[in-house]
Amino acid sequence: MPPELGTSRGLPWRVGHRFDMTLRYRLPRSARLQKKCEFDAIRAGGSRVARGCLIVNWMKLSGSSGCRLGIVVGRKVGCAVARNRARRLLREVFRHHQHDLRDSTAMVLVARPSINEKAYAAVERDFLAALGEAGLLKASE
RNA sequence: CCGAGAGGGCGGAGGUUCGCUCCCGGCUCCGGCCGGGGGAGGAAAGUCCGAACUCCACAGGGCACGAUGCCGCAUAACCCGCACCUCGAGUGCGGGAUGCAUGCGGGCGGCUCCACCGUGAGGUGCGCCGACGGAUAGCGCCACAGAAAACAUACCGCCGGUUGUCAAUGGCAACUGGCAAGGGUGAAAAGGUGGGGUAAGAGCCCACCGCUCCAAGCGUAAGCGCGGAGGCACGGCAAGCCCCAUCGGGAGCAAGGCCAAAUAGGGGACCGACGGCGUGGCCCGCGCCGCGUGCCGGAUCACACCGGCCGAGGUCCCGGGUAGGGCCGCAAAGACAAAUGAACCUCUCCGUCGGCGCCAUCGGCGCCGACGCAGACAGAAUUCGGCUUACAGCCUUCUCGGAGCG
């Protein structure tokens, strides 16, 4: 096991991706979008990429105030249990990769019904592929 | 031990790391940080009932509207009081209200496998079902089949009379009259069984069975009913409209309260004196508020002001808003794009597959390994109590059946 991973077995690292233990992977409520107008602004004025079980809408933020996240899970995804699961998976994926983004970005993730058959690793793969296509990832990785 | 049915309970455990949220304490460069603690279910679901809580209303009348609908007993949330100790948001006891819903018991009605009784019609028991006031308050509907389906009918029939005819105690045909027993249709054909009776028949008459009415007596009651009378008239549907009886304030935490902000809750013109709100829906009526070069009285130097009375709303023009603002309500989880999670390890369930071993008849048992999101239903939104619905597995109680042993 690489020494820099140390005690971080709780993080779902894979071959080709490492977590930097000098950073914190937090996502408090203040980093989440709360208002309807914020969602509308990003979905109307931002860019959009769909990949696998999710859709990414994003908008670059001015300044270095950090990334912000909003999650949309429609009724089409399923019952309340399924919607909760989808929301938690998307939030966790974003939390683990928030430092891989090139700029501070406001992002709205929309879940599609196929997320019900996918585990965390598959959702993460879709997320990274979509961000790669959008050109939001840092070039180093 | 196996299977079936009914009831009750449980709905994985331990750990590491990274996170979310609330509370308490400490630190702070006021961005936060550190430590401790709390953080989904038996149904959190459906929103079907009943409460708590909050606001509005609480002269009256009428018409609508809604709910309930066999009888008895018990039981909740809620309110009041008391006792005990391991003094906690603890446990238990007593009293009161509601009686939704549920449970238990009973009554009545319907259906019917079975059992028993009866020659039979039928009766009784067991079982299952029942939104179970009213079908003589009225209206409406009863398809198809069938001759006829609601104060019904005569298709095939049965029987008599007259005439004709023939192969003549009779057959056939026509006309005429009586009947509703038999056939056939139907969910249902207007009491049934047996006998008498008759040309043939018919409650036409008789016995019994059923039905309707009265009724000794019994039961807290729903009701039952000794006995008697009536030849029997009166089909079903009220979850079709309806009628009867009883009962019924309304809205719901997006209740509601506080605060902040704003050219937001409007502004203007004309004719003209009334207009708005509440009263659960409508009407009458009533109440409140505002308006008026209005009237009267008080008051005054005159206004203002106070009290009372009276009083027909319409047209046109211009602008603004349509945001989930914050806090409380709000909790030993407490959000408002909605926290209670993610990754991994160990153990133990259960299922599937594979391998090995034993017994060996399908197969069963044991061990090992892999896979299956610990695998079912399912995620709190003001809070309680009940009901209903969903549910992989596991545990347990009772009943029934089978196998084995004694």
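**Helices and strands of a predicted model**

Mentor: In this predicted model, helix α2 (residues 80-97) lies across β2, β3 and β4, running at about 155° to β3. Helices (H or I, at least four residues) and strands (E, at least two) are DSSP runs, numbered from the N terminus. Residues are numbered from 1 along each chain as its sequence is written, and chains are lettered from A and ligands numbered from 1 in the order in which they are written. Local features need pLDDT of at least 70, side-chain atom pairs count only at pLDDT 80 or more, and totals for chains, interfaces and linings use all residues.

Trainee: Which strands does helix α3 touch?

Mentor: Residues 120-134 form helix α3, which packs on the sheet. Contact requires C-beta atoms, placed from the backbone, within 7 Å. Axes are lines fitted to C-alpha atoms, for helices over the stretch in contact, with angles from 0 to 180 degrees between N-to-C directions. The direction of α3 makes about 140° with that of β1, and the strands touched are β1 and β2.

Trainee: In which sense do β3 and β4 pair, parallel or antiparallel?

Mentor: Two strands pair if DSSP finds at least two bridges between them. Gly70 has Val108 in β4 as its bridge partner. Over 5 bridges, β3 and β4 (residues 105-111) pair in a sense that is parallel.

Trainee: Why is one side of β1 and of β3 left without a neighbour in the sheet?

Mentor: The open sheet has 4 strands in the order β1-β2-β4-β3, with mixed pairing. One side of β1 and of β3 (68-72) has no neighbour in the sheet because each stands at an edge, with a single partner strand.

Terms used:
Contact = placed C-beta atoms within 7 Å.
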